[in-house]
Amino acid sequence: MRVSKLFRCGISMILCTLPLLVNAQTSSISGKITSQDRSTLPGVSVLLKKTSHGTTTDADGLYKLTDVKPGNYTIEVTGVGFSTISQTVSVRSGKQITLDFTMQESQTDLNEVQVVGKTQTQEIKELAFSVNAIETKQFANTTADLNQVLNRSTGVRIREQGGLGSNFVFSINGLSGKAVKYFIDGVPMEILGSAMSLNNIPVNLAERIEVYKGVVPVQLGSDAMGGAVNVITSQKQTNYLDLSHSYGSFNTHRSALTGQYVHKPTGITLKATGFFNYSDNNYKMKGVEILEGGKRNGDQITDLSGANFVVTDTRRFHDQYRSSMGQLEAGITNKSWADVLYLGFGYTAGKQDLQTGFEQTIVYGNVRRDSKAFTGTLRYKKTNLFIKGLDLNLFASQSRDAYVTTDTLLRQYYWDGSWTTKGATEMGGIKTIWHIIRPRTFARANLSYTLNERHSFNINYTADRLKNESYNELISDSDDMPGIMNKQIIGLAYQQELIDKKWVNTFFAKYYGLGLERKKYIDQSYQVIDSTFRNYGYGIASRYKILPDLGIKISLEHAYRLQEVEEVFGDGLNVQPNPDLKPESSDNVNLGGYYGVRFNKHRFFVEASGFYRNATDFIYPVPDQRSKALKNENKASVRVTGFEGELRYDYGDLLFFNINATYQNAVNTTRFGNTSSNNYEATYLNKIPNQPWLFGNANLAIGKNNVFGEDTRLQFSWYTQYVHWFYLTWEAFGNVNGKSTIPNQLIHNASLSYSLQNGRYNISAECRNLTDDLAYDNFRLQKPGRAFSLKLRYFIK
């Protein structure tokens, strides 16, 4: 109730404030900068001479100068290897001016020392935080989803449980699961519905992905202890349409649409986003056990006498997956009283057959899950609110997410699709049509103030209230003891820039508040128990530039991670509820450096870092053989240490290559557990099981423009991933020859794409797991073998 009032008060505040701001009149200058061959030019400097107004072009060659006062100016455009352009411009009050420029190559000696502009992605990499930024433009013509793109990034490892739509575990520098948070444009991804997950979102829907490792900026308003992924969509105020469809092995279809229309005279803007995914996921399972022999009546084995288990290859038979999403936003942009004011509505839906439990020997033949979610959103942004340098960013949403899991057959299935009757359902319990309904109210307010070029402040407030209703339709039609989860997070940051901006420090503090109501079985009956948690975190992120392209950085943080809804209340499927779960905390340290150098068209960039995590009450999933599901528990202490490095090289737009490697050592440092024993735990100083500790990636792309005509491009890409063997279970258990491990894996992927009319029409062919090697992942579940796909994409702006 308290959060709902805040939500309504926030909307009222916006509506009351807007009339006060309507008299402020600001102007802007924007446009696009290209070369003579019509290629876009990122990193070009654009400056209003004799003023402090300046910017650089983004990856698409676009720039924008905001809050320009009326008057006459000289605009100057400079870029390495190009002649400087100067042009006078007259600015009137409240006008938005569009100026495009075409730059000519300079005839000066390229061996001179010149200032090189940087893209927004490069600037993000040079922040004080340990962060990686990925431009998705290079993957736009592939069939990759965001998970597959992120899995190529340094320090990131994603363990999927199967094919398209399967559950996955996301890990950054050794901390995984809910310790890592996911955002879209700074908004938590989960409030948009269960179908909005990284393995569902096509790469075309994102312009850039930011991966924060360990320390997360307060602007995201999160309790992300292990890091965060922020998906950035296009913020450009231009008209565009991006439409694609791909078809591949296992009857896999993936469609994506994103578009925007801006009526520039009025500033009215319409944005639409959607995707559809479908797959039979009927890939071949290698070396699994099936029952041979016995008396059969169709698929049913009526008599097990004479039946034997034999090892063979067979296809998955109950793993269809379907997901869809549609979102529409409408609003006003570039007004004196609002840079952005959007109202939005979203809908997501999913249908999923379940083929296995948390391990491969648990086979399902009729368990399925359906989900749907509705979301209403309000987004408001205003720079220079009341005074110059004061910026306000508001977001609020109301959503309702619902799941239905069906498990009603008293059967035991085998990998060939045959089955026998048993006294319990497939998942080991009573017959269930299990409903989970989660209405949610979310609000976030971010206020930043730039005092001057050296000092700035930021405060962020997040309120999140969720209600959890769960019941078995075959027993009841409602939940008479619903759970409640209230979260409040406040972040405050101060940033200083010293020594001509060579040294940047960000000091920050966070408040974590949690109110929790849940039912627990006590004294042979269910009772509602209440609890609260309040604590504070703090930290610093610092970066020093030794040279313009050589820097070192360090970040330190004491952070908390509050329990998530699925950990406490369960998911009605693979995760059992645990009402006794506690928040976890961690001390995080990152130390690293980077260096970039450019010689004409040759560009090199290298970065490396080490990390340390000391987590207390570490939350991790434990398999429960009786319920055939996972249950999250607290481990008293876990320490993660490691290092990572990446080398990138590119030559103009012809060649791109990068290679990265990550080593992480996550060990159990709990000595005595929860007992009074003086004997160390058997797993003391063991590696955390089911988690890779050494892995790396290599990417190569070769492309050429105008191969089969003007404004065309042909590109070939090769991607290889290596994962070293790791323990599936605790290494202390089992004999030397019988320890359960996941073996080394080396997987190769290749793609070929062709574009016409400067990228308007695109076609690409792709092959994953080119050598058809056996690929394992989370809990040694097999992933698809060799798979082919073809993608068609249409893009216009």
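Modeller: In this predicted model, the charged end of K687 is placed over the ring of W693, at 5.1 Å from its centre. W693 also belongs to a cluster joined by ring pairs, together with F643, Y663, W725 and Y727.

Turning to pairs of rings, the model contains 22 aromatic pairs. One of these is formed by Y347 and F374, whose ring centres are 5.1 Å apart. Their planes stand at 45 degrees; planes under 30 degrees apart would count as stacked and those over 60 as edge-to-face, so this pair is tilted. The two residues come from distant parts of the chain, 27 residues apart. Y347 is in strand β25, which covers residues 338-353, while F374 is in strand β26, which covers residues 368-382.

The surroundings of this pair can be described through accessibility. Buried would require a relative accessible area under 20%, and exposed one over 50%. Y347 has a relative accessible area of 32%, and therefore it is partly exposed. F374, at 35% relative accessibility, likewise counts as partly exposed. The tilted pair of Y347 and F374 thus joins a partly exposed Tyr to a partly exposed Phe.

Definitions and conventions. Residues numbered from 1 in each chain as written. Predicted model: local features only at pLDDT ≥ 70, side-chain atom pairs only at ≥ 80, totals over all residues. Heavy atoms only, no water. Phe/Tyr/Trp six-rings, centres within 6.5 Å; stacked < 30°, edge-to-face > 60°. Helix = DSSP H or I, 4+ residues; strand = E, 2+ residues; numbered from the N terminus. Buried < 20%, exposed > 50% of the residue type's maximum accessible area, 1.4 Å probe, protein only. Lys NZ or Arg CZ within 6 Å of the ring centre and 35° of its normal.
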